[in-house]
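Here is a report on one protein chain.

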Amino acid sequence: MTNSLFDFDEYRGYLSRRSGKPGTRQGHRSAMAAAMKCHSSYLTKVLNFDAHISLEQAYRLNTYFNHSADESDFFLRLVQKGRAGTQELVQYFEKQLREISQRRLLIRER
């Protein structure tokens, strides 16, 4: 199981992972929904791939998860990619995400 945000290519999978293990999710999901300022049923729709979060909600989750600056940037781009309405825009954000990941690997190898 992956723990790093940078290992994800879809933000809802990351949110699902962060919401906790089965049987312990209710408290985590409620806290996440409160941080996003939405109802927990809306978060459930997001986690079931039936809805998207807004950039404002993503920004609030960055604070809730205590993401670093790099993690915050990566997460916001994952959300933008997920919300993109055309394949060209999806590809644009995928390229940005790859570049962030590559820079991160170079720094880690040093």
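The text below goes from the whole chain to single residues.

**Basis**

This is a predicted model: local features need pLDDT of at least 70, side-chain atom pairs count only at pLDDT 80 or more, and totals for chains, interfaces and linings use all residues. Residues are numbered from 1 along each chain as its sequence is written, and side-chain values use heavy atoms, with hydrogens and water left out.

**Overall fold**

The protein chain has six helices and zero strands. Its pattern along the sequence is α-α-α-α-α-α. Helices (H or I, at least four residues) and strands (E, at least two) are DSSP runs, numbered from the N terminus.

The chain has 110 residues, and 34% of them are buried. Buried means under 20% relative accessible area, exposed means over 50%, and partly exposed lies in between (1.4 Å probe, protein chains only). The accessible surface of the chain is about 7,000 Å², with 49% belonging to carbon and sulfur atoms. Accessible areas come from the Shrake-Rupley method with a 1.4 Å probe; for residues, only the protein chains shown count as cover.

Take the contacts with a separation of 6 or more: 52% of them join residues 24 or more positions apart. Contact means heavy atoms within 4.5 Å.

**Nonpolar core**

The largest nonpolar core holds 24 residues. Such a core is a set of buried Ala, Val, Leu, Ile, Met, Phe, Trp, Tyr and Cys residues joined through side-chain atoms within 4.5 Å. Tyr11, Tyr14, Leu15, Ile53, Leu61, Phe74 and Phe75 touch the most other members. At least two core residues come from each of α1 (11-18), α2 (25-36), α3 (40-47), α4 (55-65), α5 (69-83) and α6 (87-109). The most come from α5, which gives four.

Phe74 touches Leu5, Phe6, Phe8, Leu97, Ile100 and Ser101, with residues up to four places away in sequence not counted.

**Helix α1**

The buried residues in α1 are Tyr11, Arg12, Tyr14 and Leu15. Seen down the axis of α1, they fall within an arc of 155°, so they line one face of the helix. The arc is that of the directions from the helix axis to the C-beta atoms.

Glu10 caps the N-terminal end of α1. One of its side-chain oxygens lies 2.6 Å from the backbone nitrogen of Arg12. Just after α1, Gly20 has a positive phi of about 105°.

**Helix α4**

In α4, the buried residues are Gln57, Ala58, Leu61, Asn62 and Phe65. Their arc, viewed down the axis of α4, is 150°, so they line one face of the helix. The face turned away from the buried side carries the exposed residues Glu56, Tyr59 and Thr63. After α4 comes Asn66, with a positive phi near 60°.

Asn62 has a relative accessible area of 5%. Leaving aside neighbours within four places in sequence, Asn62 is in contact with His67, Glu71, Ser72, Phe75 and Leu76. The side chains of Asn62 and His67 make a polar contact at 2.5 Å. A polar contact is a pair of N or O atoms within 3.5 Å; within protein, one must be able to donate a hydrogen and the other to accept it, and residues adjacent in sequence count only if both atoms are side-chain atoms.

**Salt bridges**

The whole structure has four salt bridges. A salt bridge is a side-chain nitrogen of Lys or Arg within 4 Å of a carboxyl oxygen of Asp or Glu.

| Pair | Distance |
|---|---|
| Arg12 and Glu10 | 3.3 Å |
| Glu94 and Lys81 | 3.8 Å |
| Glu99 and Lys95 | 3.7 Å |

Glu94 lies in helix α6 and Lys81 in helix α5, so this pair ties together parts 13 residues apart in sequence. Glu94 is partly exposed at 27% relative accessibility, while Lys81 is buried at 15%.

Glu99 and Lys95 are four residues apart in helix α6, separated by about one helical turn. Glu99 is partly exposed at 34% relative accessibility, and Lys95 is partly exposed at 48%.

Arg12 is buried, with a relative accessible area of 9%.
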